[in-house]
Amino acid sequence: MDWHILAQQLVNGLTLGSIYGLIAIGYTMVYGIVGMINFAHGDVYMVSAYLTAICLAVLFSFGIDSLPFALLATLATTMLITAAYGWTIERVAYRPLRGAPRLAPLISAIGMSLVLQNGVQLSQGAKTQGVPSLIPATLRFGEGHDFVQITLVQLMIIVVSLTSMAALTWLIQRTSLGRQCRATQQDRRMAAILGINTDRIISMVFVIGAAMAAIAGVLVTLNYGSFDFYIGFVTGIKAFTAAVLGGIGSLPGAMLGGLILGLAEALFSGMVNTDYKDVFAFSLLVLVLIFRPTGLLGKPEVEKV
Amino acid sequence: MPPVAAAPSTTGVRWNLVFRQAVLEATAAFALALLLLGPIVGLVLDGYQVKNELQRPLLIAAIIAVGRFLVTLAMHTPTGQAALERFNARRRQPGVLVVSASESNQQRWWLLIIVAVSLTLPFLASKYWLTVLIQAMIYVLLGLGLNIVVGLAGLLDLGYVAFYAVGAYGLALGAQYLDLGFWSALPLAAMLAALFGGVLGFPVLRMHGDYLAIVTLGFGEIIRLVLNNWLEFTGGPNGVSAPAPQLFGLEFTRTARDGGIPFHEYFQISYDPTHRFIFIYLALFLIVCLMVVVVTRLRNMPIGRAWEALREDEIACRALGINHVLVKLSAFMMGATVGGIAGVFFATYQGFINPMSFNFFESALIVAIVVLGGLGSTTGVIVAAVVLTILPELLRAFADYRVFAFGVLMVLMMIWRPRGLIRPRRRAFEVKGLCR
């Protein structure tokens with residue numbers, strides 16, 4: 001293995017990992033507070049990929065070709081609409097089920113995921129869609145055939161995800177909303193008794209998670225340029241793997257888990273086999289859940305009787 | 001959600017306030033629906049351009065707004081209040097309904113009629129409907145199998161399709177490499193599926209609820225991806241062909257391939273390609289009947305009761321000394337076996353399989369069958385499987401909306417009746433001759 005291939009895979013893995021981390025935040029926050037897997041989260045990410053393409057197409061059809069403005073406007077619009085999706089999903093499919101048998105919200109989440117997937121397929125068609133490559137520039141290190149290249153989009157992905165994770169950490173650690181979130185996560189009933197509107201907090205968590213997934217959706221769409229209605233499923237499970245790996249319920253865990261999973265997957269596909277990289281990721285999920293279900297940074301779950 | 005707080009008053013509702021609230025809520029619903037659906041439904045991607053179809057989201061949003069308005073108004077009438085009360089009461093119903101022995105005896109006549117109709121149906125149906133019936137039967141079998149795992153034992157298995165795939169590939173690859181026929185593959189594939197169930201079940205048993213669901217989902221995907229990528233062994237996306245079934249060595253083809261005598265020559269009847277399907281249907285029907293009997297018996301046996309007890313409260317069961325590992329493992333393996341048998345039938349009826357038939361949607365569909373039928377209710381599962389496979393055939397025009405409707409149904413069912421449409425029944429055992 002040459003050093004430049006290794007370095008290239010590290011760069012790819014870092015990009016992939018920060019995306020997984022962004023999506024994993026949605027899983028981990030919801031699991032931390034409500035204790036359920038939001039199966040529709042991966043599909044929310046898929047919706048944001050479609051929204052990105054639609055938004056860019058509309059902007060360009062109006063002749064707006066200032067790239068920074070177009071990107072910012074796309075990001076803002078996508079985050080807004082995707083957040084509305086997160087809010088609605090919680091309101092429609094999960095809130096009526098508080099206190100129902102344990103299986104019920106999970107099944108309802110699967111139903112929601114099917115609705116989103118098929119709704120998008122029905123309205124947008126089943127074929128693979130795409131966006132034009134807007135930022136073709138790349139940075140190259142090394143000479144001749146031995147080089148490592150980082151596209152500007154990859155750089156953007158790493159910077160933007162690190163920034164948004166930092167912003168989110170600040171939000172959770174420093175603001176009043178964040179404090180309420182943490183309180184709700186620790187003990188929902190007690191938080192409600194102490195005057196926190198826990199329903200509102202749960203909605204906010206869904207909104208924040210969806211907005212993070214929207215950022216990931218925009219970045220991935222710009223990076224790969226193509227997507228279809230099925231991408232939410234695979235990416236969703238992998239992001240969930242990242243959340244579990246890091247310790248579900250823990251925000252830094254989600255980021256760490258995302259980075260580890262992304263790096264592991266990139267190295268695996270670079271060194272072993274590209275065909276089996278999804279098998280590798282899923283096997284990792286199974287292994288982690290068997291041997292360390294609390295993840296790297298998670299706290300052990302106490303069974304309450 | 002409809003406002004629950006509004007007290008039912010007999011002295012009259014302040015309708016002007018209610019009306020204002022309804023208008024406000026309808027407007028909000030309209031705006032939200034437009035925000036959600038506007039871009040996704042209204043602007044259709046066409047290459048790097050979009051086509052403007054904004055009238056669609058406007059229409060949907062208008063329908064939602066009107067619906068919301070009417071619902072809010074209706075919730076304030078006495079009838080609406082009563083309906084809401086019933087709705088909430090239904091959600092609080094307990095899981096199992098206990099019926100006395102005399103009550104359940106009345107169902108026997110129905111059973112006879114259903115069996116008679118099911119047995120004559122294949123001889124009357126056209127080839128197209130015969131294939132639909134076979135498909136329905138396969139889903140009944142799958143539903144019954146998953147019902148043991150999800151409905152009775154309460155372990156949500158989202159990778160059930162993996163065992164289905166093991167059965168189907170067991171037949172196809174067994175025929176290809178080991179020269180197995182349908183009848184020899186049937187028990188072997190079932191055992192193989194049970195083995196897979198055990199292999200998956202054993203490490204997974206330490207988890208419960210959501211973790212279990214996601215691990216089984218991952219396992220199902222692993223199996224599908226391996227089938228898809230292992231080109232040399234499984235044929236990858238190109239699939240493999242499965243052998244046609246035989247009845248005591250009689251083939252259902254026009255001319256015998258391996259030197260035997262075809263079915264129609266042996267019985268001196270004219271050749272008809274539907275014979276094969278009738279045979280598959282009848283064999284399937286027998287297996288389904290067998291399964292129903294087995295499951296009913298099991299539910300009354302200690303193992304079945306342990307499954308259900310474990311579903312209701314695992315910690316209490318462990319405290320009472322039930323070996324939860326053994327109990328869960330038995331449910332898993334039992335379910336997997338049934339899935340494997342269904343897979344063999346699927347392969348032989350299709351004659352050809354590829355990994356596309358075993359994706360996550362298939363698993364979700366089987367879960368939907370179990371959930372809609374009522375977790376744990378055998379009758380419910382059978383009805384749901386038949387309805388969910390035959391209804392889309394009747395409504396061909398709406399075939400595209402099938403998955404969408406399943407998703408909506410799953411959400412609504414969970415809100416309306418988290419325990420399923422038909423509540424599982426259990427016969428009461430009446431103790432006679434004991435002093436009170």
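Predicted model: local features only at pLDDT ≥ 70, side-chain atom pairs only at ≥ 80, totals over all residues.
**Exercise 1. Describe the make-up of chain B: how many helices and strands does the chain have, and what share of its residues is buried?**

Solution. Start with the secondary structure: chain B has 18 helices and eight strands. Then turn to accessibility: 49% of the 436 residues of chain B count as buried.

**Exercise 2. Determine how helices α6 and α12 of chain B pack: at what angle, and how far apart are the axes?**

Solution. Step one is to locate the helices: α6(B) covers residues 127-152 and α12(B) covers residues 274-300. Step two is the geometry: the angle is about 20° and the axes lie 10 Å apart. Step three is the class: angles under 35 degrees count as roughly parallel, so α6(B) is roughly parallel to α12(B). Step four is the hand of the crossing, which is left-handed.

**Exercise 3. Examine helix α17 of chain B: which of its residues are buried, and which helices do they pack against?**

Solution. Helix α17(B) runs over residues 378-394. Its 17 residues reach 24 Å from first C-alpha to last, close to the 24 Å expected at 1.5 Å a residue. The buried residues include Val381(B), Ala384(B), Ala385(B), Leu388(B) and Ile390(B). Among the buried residues of α17(B) are also Thr378(B), Thr389(B) and Glu393(B). The buried residues pack against α6, α12, α16 (360-373) and α18 (402-416) of chain B.

**Exercise 4. Classify Lys328(B): is this residue buried or exposed?**

Solution. First place the residue: Lys328(B) is in helix α15 of chain B, residues 324-350. Its relative accessibility is 2%. Buried means under 20%, so Lys328(B) counts as buried. Leaving aside residues up to four places away in sequence, Lys328(B) touches Leu155(B), Leu205(B), Met207(B), Leu310(B) and Glu314(B).

**Exercise 5. Check the length of helix α8 of chain A: what span should its 27 residues have, and how far apart are its end C-alpha atoms?**

Solution. Helix α8(A) comprises residues 198-224. At 1.5 Å a residue, the 27 residues should span 39 Å. The end C-alpha atoms are 39 Å apart, so the two values agree. As for burial, 22 of the 27 residues of α8(A) are buried, and the helix is mostly covered. After α8(A) comes Gly225(A), with a positive phi near 80°.

Methods. Residues numbered from 1 in each chain as written. Chains lettered and ligands numbered in written order. Heavy atoms only, no water. Axes fitted to C-alpha atoms, helices over the stretch in contact; angles between N-to-C directions. Helix = DSSP H or I, 4+ residues; strand = E, 2+ residues; numbered from the N terminus. Parallel < 35°, antiparallel > 145°, perpendicular 65-115°, else oblique. Left-handed = near helix turned anticlockwise from the far one by under 90°. Expected span 1.5 Å × (residues − 1). Buried < 20%, exposed > 50% of the residue type's maximum accessible area, 1.4 Å probe, protein only. Contact = heavy atoms within 4.5 Å.
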